[in-house]
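Please look over the model shown here before reading on.

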Amino acid sequence: MVFRKDTSGAVKSFDSASMTHQTGSLQGHLLVAHPQIDDGRFARAVIVMCQHDDKSAMGVVINHRAARMNLGKLYATLDIGAPRFCADQPVHIGGPVESNRGFVLHSQDHMLPASLPVTHEIGLTSSIEILRDITNGTGPTHSIVSLGCAGWHAGQLEDELAANVWLSMPATSDLVFRDDTSDIWKDAYRLLGVDPVHFVSDTGSA
């Protein structure tokens, strides 16, 4: 499991230029999984889109918790001592891409030099310093620590959207950083005004 140990190049695969908003970009939106996705990695997933342009897309699943993993156990795995605070904070499975790499979505009240803005409220950081700040009690007010992310190559996400694999809606801090993310998928559909029970089986996999 790898969190970058420098703050000069966090999230190096996605440079700041590609993080700018563009026409049609879903950066700063949530992807909400179709009810009948048969890929267990994305079943009922809600994904914060951190980057989306004509070359690639990247996001982090925020409602799939890692089994029997929290920050205390992550610290032990990384062999970086013991956290002073937040040892019980859950760790999430952010997606199947770069599954050994850490990503932290967090409120923008604590941005590091290498942090990248996702929305005007939400930032993304992958340096180990953000973990230390969280567990020292000096970090952001809200955070979601994840291992891995979701990624799409050019045109792949657009094809999935056309096939109704995902619904999209703007990401808000209140929805993303709620205390319990277990019901966020249902609540996202409620906010969209859609009843997932009424979906026709017209899609199969992400």
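Helices (H or I, at least four residues) and strands (E, at least two) are DSSP runs, numbered from the N terminus. This is a predicted model, in which local features need pLDDT of at least 70 and side-chain atom pairs count only at pLDDT 80 or more, while totals for chains, interfaces and linings use all residues. Residues are numbered from 1 along each chain as its sequence is written, and side-chain values use heavy atoms, with hydrogens and water left out.

**His-52**

- His-52 is found in strand E2, and at 4% relative accessibility it counts as buried, where buried means under 20% relative accessible area, exposed over 50% and partly exposed in between (1.4 Å probe, protein chains only).
- The side chain of His-52 makes a polar contact with the side chain of Glu-158 at 2.7 Å; a polar contact is a pair of N or O atoms within 3.5 Å, and within protein one must be able to donate a hydrogen and the other to accept it, with residues adjacent in sequence counting only if both atoms are side-chain atoms.
- A polar atom of the His-52 side chain also lies 2.9 Å from the backbone nitrogen of Leu-26.

**Nonpolar cores**

- A nonpolar core is a set of buried Ala, Val, Leu, Ile, Met, Phe, Trp, Tyr and Cys residues joined through side-chain atoms within 4.5 Å.
- The largest nonpolar core has 40 residues, of which Ile-47, Leu-105, Trp-152, Trp-166 and Val-176 touch the most other members.
- Strand E2 (residues 46-52) gives the most to this core, with 5 residues.
- Another core, of 16 residues, lies apart from it and includes Ala-66, Ile-80, Leu-112 and Val-145.

**Strand E9 and its partners**

- In strand E9 (residues 143-153), 9 of the 11 residues are buried.
- Strand E3 (residues 56-61) runs antiparallel to E9 and is joined to it by 4 bridges, with Trp-152 of E9 as the bridge partner of Ala-57; two strands pair if DSSP finds at least two bridges between them.
- Strand E6 (residues 97-107) is also antiparallel to E9, over 6 bridges, and Val-104 stands opposite Val-145 in E9.
- Strand E5 (residues 90-93) pairs with E9 in the parallel sense over 3 bridges, and Val-145 in E9 is the bridge partner of Val-91.

**Thr-135**

- Thr-135 is placed in helix H2 (residues 128-136) and is buried, with a relative accessible area of 1%.
- Its side chain reaches the backbone oxygen of Leu-131 at 3.0 Å and the backbone oxygen of Arg-132 at 3.4 Å.
- Not counting residues up to four places away in sequence, Thr-135 touches Leu-71, Tyr-75, Pro-83, Arg-84 and Phe-85, where contact means heavy atoms within 4.5 Å.
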